[in-house]
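Me: I am new to this structure. Please take me through it in short questions and answers.

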Amino acid sequence: MLFGRERHNPRVLKPQRMSYSDLHYILRLSRGDLSLRPIFIVASVELGNTTTKAILTATDLKSGKTYVLNKTVKMTREAKAQEGVFCQTVHAVELSERSIAELVCHTLEECARSVGISVADIHFVVRSTGVTACFSTVKEVEGVIQALAKGCMLAGVPPRKMISPMTIENIPAELRAFSRMDKTYFDGAVAGNIPPSGEPIVGNEMEGELVTAGLKEAAKWVGVDYRNPVLSLDFGTTLAGRITDDELPYAHVIGSFCGLAGAIPDALVSKVVDENFPTMLDFQRKAGGAGARFGRRRVKEKVVKEYVEEIFNHLVVEKVKGRTRMGGVPVNIDAARKNNVVLIGVDAGVNRSELPKIAEIGEEIARSEGIHCLNAVADELSACLVERLVEIAMEEGLLMRNTKIGITGRAGITGRKPFLTLEKLSALFGRKMDDEVVFADDGLARGAAVLGRCMHQFGTPENPIGGVQGGGCVMGKRLKLQRKEK
Ligand SMILES: Nc1ncnc2c1ncn2[C@@H]1O[C@H](COP(=O)(O)OP(=O)(O)OP(=O)(O)O)[C@@H](O)[C@H]1O
Ligand SMILES: [Mg+2]
């Protein structure tokens, strides 16, 4: 099955690592002479529904480019707790504050150690989570973020490195010269987007903010001008993302995404993977051995499309109305309305009620077509989901002529998904979309680096991330706005 493959050339930012020796060299230079490339090291600590990650990035404050130094990935189910349980993942893994803190601590320590730096060398830590589907209100998510803070502190991160610095003295001495804190201050805008005010709209609001910012940075590496207006999508186990307009100096969020993403392929393979809390990752790894073995076996396009259609019959992809949860994820539609944000979500029935049906379809596919077919179905399914989400955004009038699209998260960028997605989006827009869609690994971690920069006012006017496509740096306009507000 190679449909789409030949005709499109997706802009994919693959995972790239900078070696320890390169980093060491640059660090030494920056410490010896401030005029030489100073490096801002940020750790993104993410408690996901399936994976828990510590990702270390180094941003060259002169060029604004972010390098991934190292990434340590653990399965969140390793933190399964017996007592003190206060939340659970989409896959019903129960977690306690302590179990989260311990997993996070080990993950962060291992990540730093294996790249040859110490936790003390990290300048800033950003915590985020997708584990929100267990709560009935958006507010309760705060408890998970606090558990993440405990884990980071256990690893030796002081609290001041987890909050926005208030004065220039709170910025590491060797980096102070790069901060514009004497002129501008952090007003909540991240990468040129002002977040919705008041109560969060979705449980995983912060993921939406971070991936939008991260995709802006990632796009620089593949030569796409992914500044506002943009539409970002994070296909983790759950869905996150935002749509922005093109206002200056800051764009507004006009759309937000929520609900399920990877949880759907996870359900699809759940009956063919022999594992507690099975996921598509296990399928790739184990049955995935078979997937790889059978990878080149032909799969009939028509058969795949029919199965995807059948799965879609069990899915709800729509503008969220009259609900307090989507895919189990708490949503606040009053807050959305007040902020003029259109909320678009994915669910399987009502709060995942149809996932068992999708598991049955997966079992049937494995039986009648062979398990290798499940990969093809998952790829097609993901591309169809992106297509439908973008189509709804279009119907709701949220897309501008030049809105760029960015996708991150394993459930959105692995396998043949970029090719299939481009094929569908090109048909939807009636033009070849290769230059208008960015696919990136580690979008969220790159966003953590960008958020860290915004909080420290480390802008790069010659290579701006904020502002609009084709435009220049918005610092002048920000100065004016902030003077007015003072
Ligand atoms: N090849 C694949 N096809 C489809 N889905 C996949 C594939 N590989 C992994 N996934 C799914 O992607 C999800 C994991 O991605 P990721 O690690 O980005 O999510 P997460 O951060 O744990 O979740 P969240 O951010 O929602 O809390 C899982 O649901 C996983 O099964
Ligand atoms: Mg995630």
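Reply: Two strands pair if DSSP finds at least two bridges between them. Helices (H or I, at least four residues) and strands (E, at least two) are DSSP runs, numbered from the N terminus. Residues are numbered from 1 along each chain as its sequence is written, and chains are lettered from A and ligands numbered from 1 in the order in which they are written. This is a predicted model, in which local features need pLDDT of at least 70, side-chain atom pairs count only at pLDDT 80 or more, and totals for chains, interfaces and linings use all residues.

Me: In which sense do strand S2 and S7 pair?
Reply: Strand S2 covers residues 39–47. One position in its pairing is Glu-46, opposite Ser-128 in S7. Six bridges join S2 and S7, and the sense is parallel.

Me: What is the order of the strands in the open sheet of four?
Reply: The pairing in this sheet is mixed. Strand S4 (66–75) and strand S7 (124–129) are the edge strands, each pairing on one side only. The order is S4-S3-S2-S7.

Me: At what angle does helix H14 run to S2?
Reply: Axes are lines fitted to C-alpha atoms, for helices over the stretch in contact, and angles run from 0 to 180 degrees between N-to-C directions. Helix H14 (residues 443–456) lies across S2, strand S3 (51–60), S4 and S7. Its angle to S2 is about 130°.

Me: Which residue in the hairpin of S5 and S6 takes a positive phi?
Reply: Strand S5 (residues 85–88) and strand S6 (residues 94–96) run antiparallel, joined by three bridges. Five residues lie between the strands of this hairpin. The positive phi, near 70°, belongs to Ala-92.

Me: How many nonpolar residues does the contact of H2 with H3 have?
Reply: Helix H2 (residues 97–115) packs on H3 at an angle of about 45°, with the axes 7 Å apart. Residues are in contact if their C-beta atoms, placed from the backbone, lie within 7 Å; among those of H2 in this contact are Ile-100 and Leu-108. Ala, Val, Leu, Ile, Met, Phe, Trp, Tyr, Cys and Pro count as nonpolar, Asp, Glu, Lys and Arg as charged, and the others, Gly among them, as polar. By these classes the contact has one polar residue, three charged and, as nonpolar, 11.

Me: Why is H8 called oblique to H11?
Reply: Angles under 35 degrees count as roughly parallel, over 145 as roughly antiparallel, 65 to 115 as roughly perpendicular and the rest as oblique. The axes of helix H8 (residues 301–312) and helix H11 (residues 372–395) come within 9 Å and cross at roughly 60°. That angle makes H8 to H11 oblique.

Me: Which residue does a cis peptide bond join to Asn-228?
Reply: The omega of this bond is about 0°.

Me: What is the mean pLDDT of the chain?
Reply: pLDDT is the predictor's confidence in each residue, from 0 to 100. It stays under 50 over residues 1–5 and is below 50 over residues 289–295. Where pLDDT is low, the predicted coordinates should not be read in detail. For the chain, 93% of residues reach 70 or more, and the mean is 92.

Notes: Two residues are in contact if their C-beta atoms, placed from the backbone, lie within 7 Å.
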